[in-house]
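Look at the structure below before reading on. The notes that follow go through it topic by topic.

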Amino acid sequence: MFHIAIDGPGGAGKSTVAKAVAKKLDILYVDTGALYRTVGLYVKQNGADPKNADEVGALLPSLSIEVKYENGAQVVYLNGKNYGDAIRTPEMSMYASAVSAIPSVRAFLLETQKEIARHNSVIMDGRDIGTVILPEAKVKIFMTASPECRAMRRYKELVERGQNVKYEDVLAEMISRDDADSSRAIAPTKAADDAVLLDNSDLSFEENVEAVIAIVKEKVGDEING
């Protein structure tokens, strides 16, 4: 059993690449960002301030998050309901960034993430996987790209989902979240000391996937083959 931790800023392609790598290596993919987005959605539904630790913390006892794997894909249930792409909007991205800075939220989700990894070989992506969630992972990658490149990827992704967004707005939100995530006191976005830096600004999706697999094989090749 082995664990792959992929960290990096929003729009770096962590999730899509991690899903493809998981499929090729036949291991479990864990989208940690979806967990924080789900908390963010619940906070919005209840009219709470996502930056107010007391308001958000008061909601946690009535919040149930369950991670299931259906047809090979991760699905997150909020109090028994799957909200699908409702957690994938730019607004929920900002909500996720805000609630993820609250210690009680991180503690609330920490055990959920660790429990999955205890029983499975996983590839997990987020912003503090290699530093906090899976510090003992044998494979740690910090995936990044220029803000403009990441914003364009996110913009195209949102348009494909039918959302009416402007590239300039996506870029502004990307830069804002970068600043919030990297400067927060609790689990800021940063590379683990032993992480491999992978800048994919000039890589195609397929090249990015192959680059990750090459790093994984170098680190835990024997375990994959076994």
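The model is predicted, so local features need pLDDT of at least 70 and side-chain atom pairs count only at pLDDT 80 or more, while totals for chains, interfaces and linings use all residues. Residues are numbered from 1 along each chain as its sequence is written, and side-chain values use heavy atoms, with hydrogens and water left out. Helices (H or I, at least four residues) and strands (E, at least two) are DSSP runs, numbered from the N terminus.

- Five strands make up an open sheet with parallel pairing, in the order 2-6-1-7-8; two strands pair if DSSP finds at least two bridges between them.
- Strand 2 (28–31) and strand 8 (196–199) are the edges, and each has a single partner strand, so one side of each has no neighbour in the sheet.
- From one strand to the next, the twist averages 20 degrees; axes are lines fitted to C-alpha atoms, for helices over the stretch in contact, and angles run from 0 to 180 degrees between N-to-C directions.
- Four bridges pair strand 2 with strand 6 (residues 122–126) in the parallel sense, and D31 has D125 of strand 6 as its bridge partner.
- Helix 2 (residues 32–45) packs on this sheet, where it touches strand 2 and strand 6, and its direction is at about 35 degrees to that of strand 2.

- Three strands form an open sheet in the order 3-4-5, and their pairing is antiparallel.
- Strand 3 (65–70) and strand 5 (81–82) are at its edges with a single partner strand each, so one side of each is without a neighbour in the sheet.
- Strand 4 (residues 73–78) and strand 5 run antiparallel and are joined by two bridges; L78 has K81 of strand 5 as its bridge partner.
- Helix 2 packs on this sheet too, touching strand 3 and strand 4, with its direction at about 25 degrees to that of strand 4.

**Helix 1**

- Helix 1 (residues 14–25) lies across strand 1 (3–7), strand 2, strand 6 and strand 7 (139–144), and runs at about 180 degrees to strand 6.
- Its twelve residues reach 16 Å from first C-alpha to last, close to the 16 Å expected at 1.5 Å a residue; the expected span is 1.5 Å times one less than the number of residues.
- Among the buried residues of helix 1 are V17, V21 and L25; buried means under 20% relative accessible area, exposed over 50%, and partly exposed in between (1.4 Å probe, protein chains only).

**Side chains**

- T144 lies in strand 7 and counts as buried at 17% relative accessibility.
- Beyond neighbours within four places in sequence, T144 is in contact (heavy atoms within 4.5 Å) with residues including P9, L197 and D199.
- The charged end of K68 sits over the ring of Y77, 4.6 Å from its centre; this requires NZ of Lys or CZ of Arg within 6 Å of the ring centre and within 35 degrees of the ring normal.

**Loop residues with positive phi**

- D26 follows helix 1 and lies in the loop between helix 1 and strand 2.
- Although D26 is not a glycine, its phi is positive, at about 60 degrees; D26 is exposed, with a relative accessible area of 69%.
- N79, in the loop between strand 4 and strand 5, is a residue other than glycine with a positive phi near 50 degrees.
- At 39% relative accessibility, N79 is partly exposed.
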